[in-house]
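Visitor: I have this model open beside me and would like to walk through a few details. Could you take my questions as they come?

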Amino acid sequence: MKGNDEMSEQTRSGFVTFVGRPNVGKSTLTNALVGEKIAITSAKPQTTRRAIRGIVNRPEGQLVIVDTPGIHKPRTLLGERLNHLVEQVLGDVDVIAFCVPATEKVGPGDRRIAASLDGYARAKKIAIVTKTDAAGRDEITERLMEVDALREDWAAVIPLSALTRDQLEVLCDEVLSLMPEGPALYAEGITTDESEEDRIAEIIREAALEGVRDELPHSIAVVIDDIAPRENSDLTDVHAQIVVERDSQKAIIIGHKGSRLADVGKRARTGIEELLGTRVFLGLHVKVAKEWQRDPKQLGRLGF
């Protein structure tokens, strides 16, 4: 007869990804589930660039969240590579969660993405209506009906708010129940498999995206030159480059007499100090790499 310990070890674990149009709240949902900031969030659509893994540990098992860029029509080589990344991820996960905001009617983009899930037969599929805190009951009901009608094979349709955490546990339970049985994939206490350097670069990029004009989001990349503890001090020195495509963008990032860059540094430093647990000196330089989104060599250098 099995001991109680052995019985309780029958856990589930696997990979889930959130898909949907850009800016439907996928990164906010990832951060809310993981309980700390893994993915950058921005009011600008299309700000996630890599498949970031956030890890959620529950007594019943472990969810590994792969946060992909929003699916969109690519206009540059970077756009094509981001879409290819999404396709790779969708082919590998156990559960695909399709997200639609409660505040917007289901449109052609949503229908296209929902239909494209046919290409990923091995994954179980659920639908999520996000941002319910910003919608009335009738609006939420209407959205649930629209979403439900998009596919025959939803394993569940769940309304929730990542902001107020309403229904987050329901989502967790549902997704875990759809995962294969098996041991945890990552050790407890790990919340992401992203390197410290990558996370610092994302914090700086998020700070640089705050309040800039629409043409900038895709044109900003961040390269970390150095992270080192300062000798005989509790400071960590971080040096990084913010890479843009044109001189006019460089001027926007720097701002009048460097005021905007100082703001970016201040905001980013707070996030980096939280991550590293030390005081931080942050040195930022802005560099122009002409049309880097269209240049395979530059894209490779910047990690795409």
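Visitor: Are Phe98 and Trp154 buried or exposed?
Guide: Both Phe98 and Trp154 are buried, where buried means under 20% relative accessible area with a 1.4 Å probe, protein chains only. This is a predicted model, in which local features need pLDDT of at least 70 and side-chain atom pairs count only at pLDDT 80 or more, while totals for chains, interfaces and linings use all residues. Residues are numbered from 1 along each chain as its sequence is written, and side-chain values use heavy atoms, leaving out hydrogens and water.

Visitor: How are the planes of Phe98 and Trp154 arranged?
Guide: A search of the whole structure finds one aromatic pair, and Phe98 and Trp154 form that pair, stacked at 5.7 Å centre to centre with 15 degrees between the planes. Rings pair if their centres lie within 6.5 Å, with the six-membered ring taken for Trp, and planes under 30 degrees apart count as stacked.

Visitor: Which parts does the pair tie together?
Guide: Phe98 lies in strand E4 (residues 95-101) and Trp154 in strand E6 (residues 154-159), so the pair ties together parts that are 56 residues apart in sequence. Strands are DSSP runs of at least two residues, numbered from the N terminus.

Visitor: Switching to Ser13, where is it found?
Guide: Ser13 is found in strand E1 (residues 12-19) and is buried, with a relative accessible area of 7%.

Visitor: What does the side chain of Ser13 reach?
Guide: The Ser13 side chain reaches the backbone oxygen of Pro183 at 2.6 Å.

How values were computed. Phe/Tyr/Trp six-rings, centres within 6.5 Å; stacked < 30°, edge-to-face > 60°. Helix = DSSP H or I, 4+ residues; strand = E, 2+ residues; numbered from the N terminus. Buried < 20%, exposed > 50% of the residue type's maximum accessible area, 1.4 Å probe, protein only. Polar contact = N/O pair within 3.5 Å; in protein donor to acceptor, adjacent residues only side chain to side chain.
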